[in-house]
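My notes follow in the order in which I looked things up.

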There are 2 protein chains.
Amino acid sequence: MSKGITSRETDYSQWYNELVVKADLAEHSAVRGCMVIKPYGYAIWEKMQAALDKMFKDTGHSNAYFPLFIPKSFFSKEASHVEGFATECAVVTHYRLKNDGSGNIVVDEEAKLEEELIVRPTSETIIWNTYKGWIESYRDLPLLINQWANVVRWEMRTRLFLRTAEFLWQEGHTAHATQEEAVAEAEQMLGVYADFAENWMALPVVRGRKTENERFAGALDTLCIEALMQDGKALQAGTSHFLGQNFAKAFDVKFTAKDGKLDYVWATSWGVSTRLMGALIMAHSDDQGLVLPPKLAPIQVVIVPIYKTEAERQVIGGLADTLIAELKAKAISVKYDDRDTHRPGFKFAEWELKGVPVRIAVGTRDMQNGTVEIARRDTQAKETVPQTGLADRVEQLLEDIQRDIYDRAAAFREANTVEVDTYEAFKQVLDEKGGFVAAHWDGTVETEKLIKEETKATIRCIPLNSKMEEGTCIRTGRPSTQRVLFARAY
Amino acid sequence: MSKGITSRETDYSQWYNELVVKADLAEHSAVRGCMVIKPYGYAIWEKMQAALDKMFKDTGHSNAYFPLFIPKSFFSKEASHVEGFATECAVVTHYRLKNDGSGNIVVDEEAKLEEELIVRPTSETIIWNTYKGWIESYRDLPLLINQWANVVRWEMRTRLFLRTAEFLWQEGHTAHATQEEAVAEAEQMLGVYADFAENWMALPVVRGRKTENERFAGALDTLCIEALMQDGKALQAGTSHFLGQNFAKAFDVKFTAKDGKLDYVWATSWGVSTRLMGALIMAHSDDQGLVLPPKLAPIQVVIVPIYKTEAERQVIGGLADTLIAELKAKAISVKYDDRDTHRPGFKFAEWELKGVPVRIAVGTRDMQNGTVEIARRDTQAKETVPQTGLADRVEQLLEDIQRDIYDRAAAFREANTVEVDTYEAFKQVLDEKGGFVAAHWDGTVETEKLIKEETKATIRCIPLNSKMEEGTCIRTGRPSTQRVLFARAY
């Protein structure tokens, strides 16, 4: 098959857009800003979901489901939240259509809602309104709940996975008796996200804290993981918020403590979304197509027979049957591609495009020699190996690939993270190669906005492991005690 | 704990409403008609999802995700579909809110959509509009896709799980090259649903075909499974539709057949929803609370220690640790309830209410005797048994309970399915005990509607195993060749 994907070098953005569609991950729908997630893309998302869901449950969380709609008035209850979320969103105003008599379907103006409903852009308000009925005493706490759901934010400029009007996500919403416990929960969930990004997505991330300006609307503290894409732009891959008592106060959620005292409940919320699909693609893939870490690949191994006659095909098929059984016994997902409608070269290109980590090709000579050809998608390395012990070799290879993909991404990030001390150097790095730039900043929102205006770089985070260090702000020369991480970002 | 649930005898409907809330399954939300599915209820739904999802994948289906919103005009494209679905639904007309200057959040009238969007009540239209881009030739067929999603139908009278404005479901949408294949698919999926209902939900179902009048809007044939609730009312538990070429024609989806001929694609769709939760509850539960089949119970075994001193608690705890490890090794989910805030009697009542299939109580005398008390939720039977071999015994007991719950429901249905040959007898059966009534009907929509008007009974289905038999319509006396199944229904 001809891939015809624009190279990353030529136009990274175009490369991404084309790859998402050509690899059958997703496509634009007839509804502006909304995507269709195709089966192959959704299979990756399901693997992400399964891994995350297990991590959430292992840390004591339960899933639940809250309404899609939120009464408009709920958004006014938490002052800073409304600014952040109640503007660009889908508004339901009517609940009936009718035939206008001439065969046209029109909105029935008589079926107007008394109060408009907002399609949830995030669920803090409806959930805290519900928690009011669930929490009376410290015995009801902590309340550790997660929801897998669709949300809608009316984005004007959309890109598949990265920014869509509707997207899929999970949102955790927890309630605690003390500030310490809520802070610890927000930190724990950031750890879960970082663990998932690094060990499943093979994506190294910086754990950090957002500046006040970049915080979630309604949060006292927003923790985040930030990843670096191959074009040198950063991508926020997950956030975990300490919400203080803001939502408890907005929805009047109090509890009786052990000592009988009445107090507002402490909250966190945390989420990751189908945006992670975008991060996964942009971090590892190449001009030949997707490169998927084995742990998230829907198909981990593809076997392609190379034959001329039906007899040859039968013989190779026999080997394949055995091998498939051995791989499945190791919980390795395998596809045997013996379509007779396509040539081997076409199949190779197709599975390359789709990022299948390991390809095994078996021809007639291989059958004579007791070998197969094994190819890694990530490095394109090929090797002829014995059929004996192949399943063990493949199992090991998948582990190697998972680790190597991570290592390459980590090396790339390492090579593209620099410390700069002047504004000139800062701008030069951003323009020449991008990446993470660690620099001093005076701590004010004004300077942060100024730098963004002048360079399009934002403060991605104040890294949690950032050491204290005297310095001067690259823009204003004012004193600073810690470097923060700047980047241009998705 | 005091349950205070109305008995089924007193008011079945009230019993159901109270049980759903008291057993922590779901509750009404602040949004009219929308429910909150609480963690315990959602855990049951997750078990249903996992079992169904595996069955769908085992039959070759993949999951995907399509937009929440559907352009209004799409509903006009399939004539009969619009009648059925485009009336009572949530309509998005605007995409922005704003502050009106005096602090109130109002809809920004300038941000009006050019074309209103409908929150999906079902996704045939948006999916077939998408399939147009995916299907060119017979090589692209069959297309076997399922979606797990939320849908909205603006119901005026709602009941938790049974009828809510927003509900969760799965909808399968398949495309085929031939009519035969599509028909076979619709039948296969009905089989999957029946298998799930009977073997997981312990719910015997009648497999049947809807009358033309009760068909899905846009279908040529609607297959269904129908279950009987304890109050003698029927409940439709799943439907599988053969859609013919209706949607392919509406959205112009053609394919090139092997012989080069261009033809419209054949379609099916099939779905089950959170309504199954209602069926599960109403079929098996009793005045003490939920009765859950072990295969769908989030907690299959609860262990309650009975102690006076901390030393006694320690000793029992030691036994519990061993037992829990043994049960977990058998993939049996178990909870050890050693809360010191509640007495054993309270705990017994609580786990009874929540339908945990097996309760194990261990007291100090048990520890002396090497025994435990084991109680079945479904029959309330208690037995004192040796600690030795307990895990094996519990495993067997869970299987027995699963089977017995099914058998009781099957016996109940058997006892409440009668054949009648006169309209008098028909009405008498319906009024006195309800249940399924097998009767002759003249095959006309008029008579069907008349009977519904006069008796509130509908034709649930024409059972697939119904034998041909000469008879006369109970209402009109006209000739009939087959009995159909009537019932009052949810």
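In which sense do strand β19 and strand β20 of chain A pair, and over how many bridges? I worked on a predicted model. I found β19 (residues 358–362) and β20 (residues 371–376) of chain A paired in the antiparallel sense, over four bridges. I took one bridge as an example: A:R359 has A:A375 in β20(A) as its partner.

Next I traced the sheet that holds these strands. I read its order in chain A as β18-β17-β19-β20-β21, an open sheet of five strands with mixed pairing. At the edges I noted β18 (334–336) and β21 (382–386) of chain A, each pairing on one side only. From one strand to the next, the twist averages 25 degrees.

Then I looked for helices on this sheet. I found helix α8 (residues 310–329) of chain A packed on it, in touch with β17 (301–305), β18, β19 and β20 of chain A. The direction of α8 makes about 170 degrees with that of β18(A). I also saw α11(A) lying across β17, β19, β20 and β21 of chain A, at about 10 degrees to β20(A).

I picked one residue of that helix. A:D404 sits in helix α11 (residues 390–415) of chain A. Leaving aside neighbours within four places in sequence, I list A:R376 and A:D378 as its contacts. I also checked A:D404 against A:E181: they are 223 residues apart in sequence and 37 Å apart in space, C-alpha to C-alpha.

I then turned to the two chains. I noted 61 residues of chain B in contact with 61 residues of chain A. Between them the chains bury about 5000 Å², with 68% of it on carbon and sulfur atoms. B:Y65, B:Y95 and B:L97 supply 13% of the area that chain B buries against chain A, more than any other three residues.

For polar links I recorded 28 residue pairs in polar contact between the chains, both residues at pLDDT 80 or more. I also recorded four salt bridges. One of them joins A:E46 to B:K57, with the closest N and O atoms 3.0 Å apart. On the side of chain B that touches chain A, strand β5 (residues 91–99) of chain B gives the most, with seven residues. I sorted the residues of that side into 38 nonpolar, eleven polar and twelve charged.

Strand β5 (residues 88–94) of chain A pairs with β5(B) in the antiparallel sense over four bridges. There I found A:V91 opposite B:H94.

Terms used. Residues are numbered from 1 along each chain as its sequence is written. Chains are lettered from A and ligands numbered from 1 in the order in which they are written. This is a predicted model: local features need pLDDT of at least 70, side-chain atom pairs count only at pLDDT 80 or more; totals for chains, interfaces and linings use all residues. Side-chain values use heavy atoms; hydrogens and water are left out. Contact means heavy atoms within 4.5 Å. Buried area is the accessible area (1.4 Å probe) that two parts lose on being put together, summed over both. A salt bridge is a side-chain nitrogen of Lys or Arg within 4 Å of a carboxyl oxygen of Asp or Glu. A polar contact is a pair of N or O atoms within 3.5 Å; within protein, one must be able to donate a hydrogen and the other to accept it, and residues adjacent in sequence count only if both atoms are side-chain atoms. Helices (H or I, at least four residues) and strands (E, at least two) are DSSP runs, numbered from the N terminus. Ala, Val, Leu, Ile, Met, Phe, Trp, Tyr, Cys and Pro count as nonpolar, Asp, Glu, Lys and Arg as charged, and the others, Gly among them, as polar. Two strands pair if DSSP finds at least two bridges between them. Axes are lines fitted to C-alpha atoms, for helices over the stretch in contact, and angles run from 0 to 180 degrees between N-to-C directions.
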